[in-house]
Amino acid sequence: MKRVLRVGAAQLGPVAREEPRAAVVARLLALMKEAAARGCRLVVFPELALTTFFPRWYFEEEAELDRFFETEMPGPDTRPLFETAAALGIGFYLGYAELAFENGRKRRFNTSVLVGPDGRILGKYRKVHLPGHAEHEPWRPFQHLEKRYFEPGDLGFPVWRAMGGVLGMAICNDRRWPETYRVLALQGAEMLLLGYNTPLHYPPVPQHDHLQAFHNHLCLQAGAYQNGMWVVAVAKAGKEEGCDLLGQSSIVAPTGEIVAMAGTLEDELVVHDCDLERTREIREHIFDFALHRRPDTYGPITAMGEKDGRG
């Protein structure tokens with residue numbers, strides 16, 4: 001028997017540095033309404049969907065940085081997303097910059113939330129694998145200061161039973177690390193929701209620029225196949241403040257096949273009927289973890305020091 005979850009991958013085109021939150025939310029709402037009209041029960045938005053990708057700039061003033069962050073979710077600007085989702089009966093994934101005050105500390109995370117079709121937050125994820133650098137590097141044509149502006153996520157890789165399946169979340173660079181998919185799969189995740197902002201130019205290794213699209217799909221397809229899960233990966237795309245961002249938002253089946261992909265670098269919705277039962281094709285055969293996996297030999301994966309190349 002099939003368990004079909006119709007999902008919409010809601011790609012965004014560029015977001016300008018001074019574009020108001022309300023304007024971006026209006027674009028998200030238009031995509032959400034289109035998804036609902038096309039029968040989707042879940043719509044997935046990109047990483048840092050509410051703003052331009054601000055880690056490309058070095059900010060000396062904390063107040064200038066803080067304006068890109070959300071101190072509450074939902075807040076005044078984002079509440080229409082939650083209210084509309086509840087009215088339409090559609091769930092969503094949303095990536096944003098989170099400013100939290102915890103145990104007397106001001107903390108910043110690259111965060112996503114999973115919201116149910118009743119408009120209530122089901123779960124939160126904070127990006128674990130932060131790329132980029134922490135110090136000002138003016139030689140770059142643009143910065144990538146995620147290590148300066150965010151703390152590594154402290155919530156691990158949780159999963160949620162929602163919308164008839166088991167869902168997990170990740171963000172951008174997480175997709176490049178096989179451990180992301182495997183930890184989720186070991187908890188039974190049937191679908192990974194992921195947003196990204198990926199520049200086509202990588203200043204430290206520009207000879208890889210022509211491989212950005214290939215590497216994106218390589219990671220997504222390998223992660224899906226090797227763990228028997230659906231992957232819904234959604235971009236912020238196009239030329240954003242002079243920086244070219246990869247598009248190709250994709251829905252990948254548990255067999256590793258790309259079954260739907262965006263064809264533009266603009267706001268675009270891609271829809272697919274994801275049968276969650278198809279995860280069994282992989283998990284009960286070629287990658288039957290209980291039958292074939294050998295965790296007794298995998299110690300170096302989590303060992304520290306010399307074994308991880310830093311000793």
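Helices (H or I, at least four residues) and strands (E, at least two) are DSSP runs, numbered from the N terminus. The model is predicted, so local features need pLDDT of at least 70 and side-chain atom pairs count only at pLDDT 80 or more, while totals for chains, interfaces and linings use all residues. Residues are numbered from 1 along each chain as its sequence is written, and side-chain values use heavy atoms, with hydrogens and water left out.

**The sheet**

- Six strands make an open sheet with mixed pairing, in the order S5-S4-S3-S2-S1-S14; two strands pair if DSSP finds at least two bridges between them.
- S5 and strand S14 (268–275) stand at the edges with a single partner strand each, so one side of each has no neighbour in the sheet.
- From one strand to the next, the twist averages 35 degrees; angles run from 0 to 180 degrees between N-to-C directions, and axes are lines fitted to C-alpha atoms, for helices over the stretch in contact.

**Strand pairs and hairpins**

- Strand S1 (residues 4–11) and S2 are parallel partners over 3 bridges, and valine 7 has leucine 42 in S2 as its bridge partner.
- Strand S3 (residues 91–102) runs antiparallel to S4, and 11 bridges join the two; alanine 100 has arginine 107 in S4 as its bridge partner.
- The hairpin of S3 and S4 has 2 residues between the strands, and asparagine 103 in its turn has a positive phi of about 55 degrees.
- S4 also pairs with strand S5 (residues 121–126) in the antiparallel sense, over 5 bridges; here serine 112 has tyrosine 125 in S5 as its bridge partner.
- The hairpin of S4 and S5 has 5 residues between the strands, and glycine 119 takes a positive phi near 80 degrees.
- Strand S4 (residues 105–115) is mostly covered, with 9 of its 11 residues buried; buried means under 20% relative accessible area, exposed over 50%, and partly exposed in between (1.4 Å probe, protein chains only).

**Helices**

- The axes of H1 and H3 come within 10 Å and cross at roughly 10 degrees.
- H1 and H3 are therefore roughly parallel to each other; angles under 35 degrees count as roughly parallel, over 145 as roughly antiparallel, 65 to 115 as roughly perpendicular and the rest as oblique.
- Residues making this contact (heavy atoms within 4.5 Å) include Leu28 and Met32 of H1, and Leu81 and Ala85 of H3.
- In helix H5 (residues 178–186), the buried residues are Thr180, Tyr181, Leu184 and Ala185.
- Seen down the axis of H5, these buried residues fall within an arc of 120 degrees, so they line one face of the helix; the arc is that of the directions from the helix axis to the C-beta atoms.

**Arginine 41**

- Arginine 41 sits in the loop between helix H1 (21–37) and strand S2 (42–44).
- At 35% relative accessibility, arginine 41 counts as partly exposed.
- Beyond residues up to four places away in sequence, arginine 41 touches several others, among them Leu5, Arg6 and Ile90.
- A polar atom of the arginine 41 side chain lies 3.2 Å from the backbone oxygen of valine 4.
- The arginine 41 side chain also reaches the backbone oxygen of methionine 163 at 3.2 Å.

Definitions and conventions
Polar contact = N/O pair within 3.5 Å; in protein donor to acceptor, adjacent residues only side chain to side chain.
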